[in-house]
Amino acid sequence: MKIKKIFFIFFLSFFILENSYSIEPDIFVQSTVNRASAILSKNISKSEKINELKLIAKETVDIKGVGFYSLGNARKNLNDEQKKTYIQLFENYFLKSFSSRLSEYTNPEIDVKSKEKLNSNYTIVNSILIGTSERPEVKIDWRIYTKDPNNPLIRDLIIEGLSLARTQKEEFSSILNSNNGDINKLFKVLEEFSRN
Amino acid sequence: MFKNFVIILATLFLLMSNVNAGSDGDLVLKKNQPAEIKDCFEKINRATFAFNQALDGIIFKPVASAYRVLPSPVKTGVSNSLNNLTNVITIPNNILQGEFKKAGINSGRFIINTTIGILGFIDVAQYLGFPEYEKEDYGQSLATMGVGPGCYVVLPVLGPSTVRDASASIINFAGGDAWYNVTVNNDTRYFSDFDYYASKLTSGVDFRAKNFNAIENLEKNSIDFYASVKSLYLQDRQQKILNVNKIIETQNDGDWEEIDSQ
C-alpha cells in the first residue's frame, strides 16, 4: 500500500513538473516581443541595441534549424566538416541580419492575437504589429517549433503572409544555382556579409 | 472598343468553363509554387532589375520620400482613391472567376466610395462594415482557370511579373480597364490621358512610400536582393491567386518536418 502511495505521489509530481515547465507558444512570443521592444525603447546606442537583440535571438530562435532549412536539398550533400563550418557562418550571418532588421524599429508594439496548433512540432502564433503614422498595421505570424514544449523556439516569421525563411531559402538557392552548386561560394558570401 | 472587351470576356468565360473541369485548388497551388516558376530569362531579368533600381534611386525613392511627409489623412485619402479605381478591374475579374457575390459587394463599394466617399477619398464602405477589399486582375483570373504562370520576368519600370500576368495585362488596354477606356481610349470631355498616367505614377509612389523602410531594410540585409524580391513577389502572387493570407495553406510543411534540431 505504501509503495503504491509513493508511486502515485511520484507519478503525480512528475506530471505536475512536466506541465508546469511547458511554455505556451503564444505566451512565449508575447514575452519575446516584449523583451525586444524594451531593448528597442531603451536610450542606448544602436550597436548596444544590436548586441542585446542578438542575445535574445540566440535564446529564442532555432538558428541551426533555420540554417538547415535555408540550405534546402543542398544540406544533404554536406559532410560533417562543411556542416560545422556552415552552421557557424550561418549563425553570424543570421544574427547580424536579424538584429539589424529589428534595430530599425523604435518601440514596436506587437499584440499576440491567437494561435493555431499544426501538429505536435509546430504552432503558428498570429500577431499584429500596431500601425503608426509612419507605417500601416502589419500581420506577423510566428512558426514556433514545439518539439520540446519546455523550450519552444522561433523557426519563421511570416509577414503579411510572406515567409522570411522561405525567402532566405530561395536567396541561398539562387546563389548556389548561379555558382554551379558550389557551397564554398555561399560560405564566402555569408562570411563577407557578416564581416561588412 | 466595348465590342473587343465583350469578345475577350466571352472567350475567357469559355476558357474557364473548359479548364475548370480539370483544375482544382491543389493544381492551381502547385502551378503557382514560387520554387516551380522558372527564371528562364535570368540574365535579362537581372539587367532590367538593375535598371529599375537605378530608376527607383533617381525618381521613385526621392518622390516617395517627399510624399511620406504629407499629413496622414492626405496619404490615406490618395491611397483610398487609387484603390477605389482598381475596382473597375477587380469587378470584371470577380465575374470571370465565378465570384458573383464578391462582384456585387465590390460594385456596391465602388458606387458608395465614388459618390459619398468623394471620388474614393474616404473609404465609406469600410465604415459601413463591407468585407476587406481584395484586388483581382486578369492574370489572377487566368491562373484560376488553370493557366500556368510561365517564366518569371522583370518588366522595365513595372517590375516583377510572370509571362502569364504580363500577357494578361494587355487585356487592360483592350477594353478591360474602364479607367483606361474613359481616359486614354476614348475622347471624353471629363478626363484626359494625363489622368490615367498620373494615377499610375501616383500608385507607384504610394506603394514605394508605404513600403519605404521595408524595401530599404530588405536591400540592406539581403545577400541577393534580386532573389529576395523575386521570392517575395511570387509568394505574394500565389496567395493573391488563391485568395488566402496564411502561409500554411501555400507552404509544404514537409520542408520543415525534415529539420530536426531538438
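This briefing walks through the two chains of the structure above, first each on its own and then together. Please keep in mind that this is a predicted model. Chain A carries an open sheet of five strands, while chain B comes to 15 helices and two strands. The two chains touch, with 31 residues of chain A in contact with 27 residues of chain B.

**The sheet of chain A**

- The five strands run in the order S1-S2-S3-S4-S5, with antiparallel pairing, and the sheet is open.
- S1 and S5 of chain A are the edge strands, and each has a single partner strand, so one side of each has no neighbour in the sheet.
- Strand S1 (residues 110-117) of chain A pairs with strand S2 (residues 122-129) of chain A over seven bridges, in the antiparallel sense.
- Four residues lie between S1(A) and S2(A), and the two strands form a hairpin.

**Where chain A meets chain B**

- Several elements of chain A each supply at least two residues to the side that touches chain B, including helix H4 (63-71), helix H5 (80-103), S2 and strand S4 (153-159).
- Strand S5 (162-163), helix H6 (164-177) and helix H7 (183-195) of chain A also each give at least two residues to this side.
- H6(A) gives the most, with six residues.
- By type, the residues on this side of chain A divide into 11 nonpolar, eight polar and 12 charged.

**Chain B as a whole**

- Chain B has 262 residues, of which 30% are buried.
- Taking contacts in chain B between residues at least 6 apart in sequence, 69% join residues that are at least 24 apart.

**The hairpin of chain B**

- Strand S1 (residues 152-155) of chain B and strand S2 (residues 159-162) of chain B pair over four bridges in the antiparallel sense.
- Tyr152(B) stands opposite Thr162(B) in S2(B).
- The two strands form a hairpin with three residues between them, and Val157(B) in the turn has a positive phi of about 65°.

**Helix H6 of chain B**

- Helix H6 (residues 100-115) of chain B has 16 residues, which at 1.5 Å a residue should span 22 Å; the end C-alpha atoms are 23 Å apart, in agreement with that.
- Its buried residues are Lys102(B), Asn106(B), Arg109(B), Phe110(B), Ile112(B) and Asn113(B).
- Among the elements that cover these buried residues are helix H4 (72-85), helix H5 (87-96) and helix H7 (124-127) of chain B.

**Helices H11 and H12 of chain B**

- The axes of helix H11 (residues 178-185) of chain B and helix H12 (residues 193-210) of chain B come within 6 Å and cross at roughly 135°.
- H11(B) and H12(B) are therefore oblique to each other.
- On the H11(B) side, Trp179(B), Tyr180(B), Thr183(B) and Val184(B) meet Asp193(B), Asp195(B) and Tyr196(B) in H12(B).
- The residues of this contact divide into four nonpolar, one polar and two charged.
- Tyr180(B), Asn181(B) and Thr183(B) are buried in H11(B).
- The buried residues of H11(B) pack against helix H10 (170-176) and H12 of chain B.

Methods
Residues numbered from 1 in each chain as written. Chains lettered and ligands numbered in written order. Predicted model: local features only at pLDDT ≥ 70, side-chain atom pairs only at ≥ 80, totals over all residues. Axes fitted to C-alpha atoms, helices over the stretch in contact; angles between N-to-C directions. Parallel < 35°, antiparallel > 145°, perpendicular 65-115°, else oblique. Contact = placed C-beta atoms within 7 Å. Nonpolar A, V, L, I, M, F, W, Y, C, P; charged D, E, K, R; others polar. Buried ≥ 20, exposed ≤ 12 C-beta atoms within 10 Å, placed from the backbone. Pairing = 2+ DSSP bridges. Expected span 1.5 Å × (residues − 1).
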